[in-house]
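Hi,

Here is the structure I said I would pass on. Have a look at it first, and my notes come after.

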Amino acid sequence: MSAERRQSGGVDPPFLHPDYRSTALRAPLRPPIRIQYGPSELTGPDGAALLRGQADLTRQHAGEPLGERIIIHGRVLDAGHRPLAGTLVEIWQANAAGRYAHDLDQHPAPLDPSFTGAGACLTDAEGHYRFVTIKPGAYPWKNHANAWRPAHVHFSLFGRSFSQRLITQMYFPGDPLLAYDPIWRSIPSPAARERLVAVFDMTATEPEWALGYRFDISLGGREATP
Amino acid sequence: MRVGRAPAQTIGPFFAFALPWRDGPFVVPEGTPDAIRVHGRLLDGRGDPVPDGLIETWQASPAGTRGFGRCATGAGGDYAIVTLKPAAIATPGGAVHAPHLAVSIFARGLLRRTVTRVYFADEADANRADPVLAEIADAAARATLIAARDEGGYRFDVHLQGERETVFFDV
């Protein structure tokens, strides 16, 4: 059994996590069956064929969105820390006031007509991606009394095979709401939680323009740890 | 810099303005000869629909298709994917995988993806020889992975939890 396998209980959240109430009726309760990888698990879609969005979320409308302009960049790596080139990265987020451009978001914060909050790009030959966006706001949710999600950006990643598919969230360093967030805290390992917290990056910060954050993402799959 | 695999987090309730595409459910364009429609509902442990889920399918064959389908669930937990039926695939080790779709399921309340497979009821011989189905000892559990033909195509409901919980895989 590989080291990654032994540690996997500490990295991914359990399905059932009572502090996050929505897991109660949606968490599978039988243990998933471990299968040998077949052709379906070892292959995946061509990212370029799935690319629909743009990497700059601040230029999708006639006006500029309100909020703090930021750059989020990093590398997508496989379990052996090799860069994954040409792989699709999709993001979505709330606006600076903490409101999603989604019909069912009832948070009484303003929508921003200049901000949708969805983007996508492909990694370059070194596995690098880069988005320009605005810093999302925290927002309340009804999970428990006075519940607030820390500011976050949702990330969807494909890697090179079905086994590497990942949807996760990026958080911001120093956010006091992380300590109260049952979704972030559902990750058993404190070290693994920290992997979802971006690092402020002065080298990516552009003078007179935007603050930079670095968020590197290592994907799973077993091929690097046979 | 951080090292180690990134943990999963829930897709949350508000992805529908970002992830679904108009042609997402169409692995092949509508009207493609021999196209099949795989459809069903995503249901929770009480049998209630999950209206904020995302179903993704992947198939390594036939060549020439995009292979990938994505459909957000509707108010009734319903989804549909239009594709070509995959071929059986022989592995270098000699095993032959029956025609199937690999499926990822995401939803609010799912802290990480669940993975399952859609097999086809009219491929009984191939299904009997499939190495993954062979891992599932319980016939009722195995049956959760077999899509039956109905008037809409192939029917594949996903029960996230409960007596009829779908078999999920650890990949």
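Predicted model: local features only at pLDDT ≥ 70, side-chain atom pairs only at ≥ 80, totals over all residues.

Let's start with chain A as a whole. Chain A has four helices and 12 strands. Its radius of gyration is 18 Å, close to the 17 Å that the globule rule gives for 226 residues, so chain A is as compact as a globular protein of that length. Of the 226 residues in chain A, 43% are buried. Among the contacts in chain A with a separation of 6 or more, 71% are between residues 24 or more positions apart.

Next, the place where the chains touch. Chain A puts 61 residues into the contact, and chain B puts in 56. On the chain B side, the elements giving two or more residues are β7 (100-107) and β12 (169-170) of chain B. Of these, β7(B) gives the most, with five residues. Sorted by class, the chain B side has 31 nonpolar, 14 polar and 11 charged residues.

There is also strand pairing across the two chains. Strand β1 (residues 33-34) of chain A runs parallel to β12(B), and two bridges join them. If you want to find the spot, look for Arg34(A), which stands opposite Asp170(B) in β12(B).

Val153(A) has Met170(A) as its bridge partner in β9(A).

Then there is β11 (residues 211-214) of chain A, which pairs in the parallel sense with β2 (residues 69-77) of chain A over four bridges. Here Ile70(A) stands opposite Leu211(A). β11(A) is also joined by two bridges to β10 (residues 199-200) of chain A, this time running antiparallel. In that pairing, Val199(A) has Arg214(A) as its bridge partner.

Most residues other than glycine have a negative phi, and most peptide bonds are trans.

- Asn146(A) is not a glycine, yet has a positive phi of about 55 degrees. Asn146(A) sits in the loop between β6 (139-141) and β7 (147-149) of chain A, and is exposed, with 6 other C-beta atoms within 10 Å.
- Glu208(A), also not a glycine, has a positive phi near 60 degrees. Glu208(A) is in the loop between β10 and β11 of chain A, and is exposed, with 4 other C-beta atoms within 10 Å.
- In chain B, the peptide bond from Ser61(B) to Pro62(B) is cis, with omega near -5 degrees. Pro62(B) lies in the loop between β2 (53-58) and β3 (68-72) of chain B.

Cheers

Terms used
Residues numbered from 1 in each chain as written. Chains lettered and ligands numbered in written order. Rg over C-alpha atoms; globule rule 2.2 N^0.38 Å. Buried ≥ 20, exposed ≤ 12 C-beta atoms within 10 Å, placed from the backbone. Contact = placed C-beta atoms within 7 Å. Nonpolar A, V, L, I, M, F, W, Y, C, P; charged D, E, K, R; others polar. Pairing = 2+ DSSP bridges.
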